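Here are some notes for a colleague who is new to this structure. Please read them with the model open.

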Amino acid sequence: MNFIARWLVTAVAVAAAVWLVPGIAVIGATESWVAIAIISLALALIDMSVKPLLQLLSLPITCLTFGIFYLVVNTIMLYLAAWLSNEMFHIGFVIASFGSAFVAAIVISVVSAIMNGIVGDN
């Protein structure tokens, strides 16, 4: 899938997480759609660069937990994208707790899978 399609799919997934998950919010002077676009850009870039390495390093734990630890890896990627976006662009993307981030990672994974099915990514 090309990068623009990946970015748009991630933006829809992040918007769904902000809308559905309590504890995930965009605050401050930044428009919501701009903040979602920036956080989804950071998340798409991190998913393409850092996530494969982290998945490889966590492979033994992921196998022992039958894949559940993969959600923890997604949660870490969400925290990393939020931190990067907040530090670079001051967008005000807030994650209240690890539980909120974990549920948001699940929502983002499910919505991304659905959107990838619609867009045509395998």
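**Notes on a surface patch and a helix**

1. Ile106, Val110, Ile114, Ile118 and Val119 make a nonpolar patch of about 440 Å². Keep in mind that the model is predicted.

2. Ile106 lies in helix H6. The cut-offs are under 20% for buried and over 50% for exposed.

3. Now turn to helix H5. Helix H5 covers residues 69-89, 21 residues in total. From first C-alpha to last, H5 reaches 30 Å, close to the 30 Å expected at 1.5 Å a residue. His90 follows H5, and its phi is positive, near 50 degrees.

4. Which residues of H5 are buried? They are Val73, Asn74, Thr75, Met77, Leu78, Ala81, Ala82 and Ser85. An α-helix has 3.6 residues a turn, so residues three or four places apart point the same way. The buried residues of H5 pack against helix H2 (32-49), helix H3 (51-57), strand E2 (93-95) and helix H6 (98-119).

5. Look at Thr75, which lies in helix H5. Why does Thr75 count as buried? Because its relative accessibility is 0%, and buried means under 20%.

6. What surrounds Thr75? Leaving aside residues up to four places away in sequence, Thr75 touches Phe98, Ala101, Phe102 and Ala105. A polar atom of the Thr75 side chain also lies 2.8 Å from the backbone oxygen of Leu71.

Technical notes:
Residues numbered from 1 in each chain as written. Predicted model: local features only at pLDDT ≥ 70, side-chain atom pairs only at ≥ 80, totals over all residues. Heavy atoms only, no water. Helix = DSSP H or I, 4+ residues; strand = E, 2+ residues; numbered from the N terminus. Expected span 1.5 Å × (residues − 1). Buried < 20%, exposed > 50% of the residue type's maximum accessible area, 1.4 Å probe, protein only. Contact = heavy atoms within 4.5 Å. Polar contact = N/O pair within 3.5 Å; in protein donor to acceptor, adjacent residues only side chain to side chain. Patch = residues over 30% accessible without salt bridge, like charges linked within 9 Å, V, L, I, M, F, W, Y side chains within 5 Å. Areas by Shrake-Rupley, 256 points an atom, 1.4 Å probe, with all protein chains shown as cover. Salt bridge = Lys/Arg side-chain N within 4 Å of Asp/Glu carboxyl O.
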